[in-house]
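Dear colleague,

Please find below the structure that I am handing over to you. My findings follow it, and I would be grateful if you would read them alongside the coordinates.

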Amino acid sequence: MTKIILLLLFMIAAIQVIKPLGWPGLRKRSDAWKLVAGVVSITFASVILGALFQGV
C-alpha cells in the first residue's frame with residue numbers, strides 16, 4: 001500500500017513539472033520540490049513506524 005501511495009505522489013510531482021496543478025502552494029513548475037519533499041518524509045515515517053512495530 002505504501003508503494004502505491006509513493007508512486008502516485010511521484011506521478012503528481014512529475015505532472016507538476018509538466019503542467020502546474022494550480023493548487024495552493026503549487027502554482028509554479030519549480031514548486032515540484034515540495035511534493036518530492038513530502039514523498040521523502042512519508043517514506044521516512046513509514047520506515048520508522050515499520051521498524052518500531054516490527055518486533056510486536
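A nonpolar patch, as the term is used here, joins nonpolar side chains (Val, Leu, Ile, Met, Phe, Trp, Tyr) within 5 Å, taken from residues with over 30% relative accessible area and no salt bridge. Please note that the model is a predicted one.

By that definition, F10, V36, V40, F44, I48, L49, L52, F53 and V56 make a nonpolar surface patch of about 940 Å². The greatest contribution to this patch comes from α2, with 6 residues. F10 lies in helix α1, which spans residues 2-18; its relative accessibility is 42%, so F10 counts as partly exposed. V56 is placed in the segment after α2 (32-52) and, at 85% relative accessibility, counts as exposed. Between V56 and W23 there are 40 Å from C-alpha to C-alpha, at a sequence separation of 33 residues.

As to the overall fold, the protein has 2 helices and 0 strands. Its radius of gyration is 14 Å, whereas the globule rule gives 10 Å for 56 residues; the protein is therefore more spread out than a compact globule. Along the principal axes, the C-alpha atoms fill a box of roughly 45 × 15 × 15 Å.

Of the 56 residues, 16% count as buried. The accessible surface of the protein amounts to about 4400 Å², and carbon and sulfur atoms account for 77% of that area. Among contacts with a separation of 6 or more, 23% are between residues 24 or more positions apart.

With kind regards

Notes
Residues numbered from 1 in each chain as written. Predicted model: local features only at pLDDT ≥ 70, side-chain atom pairs only at ≥ 80, totals over all residues. Heavy atoms only, no water. Helix = DSSP H or I, 4+ residues; strand = E, 2+ residues; numbered from the N terminus. Buried < 20%, exposed > 50% of the residue type's maximum accessible area, 1.4 Å probe, protein only. Rg over C-alpha atoms; globule rule 2.2 N^0.38 Å. Contact = heavy atoms within 4.5 Å. Areas by Shrake-Rupley, 256 points an atom, 1.4 Å probe, with all protein chains shown as cover. Patch = residues over 30% accessible without salt bridge, like charges linked within 9 Å, V, L, I, M, F, W, Y side chains within 5 Å. Salt bridge = Lys/Arg side-chain N within 4 Å of Asp/Glu carboxyl O.
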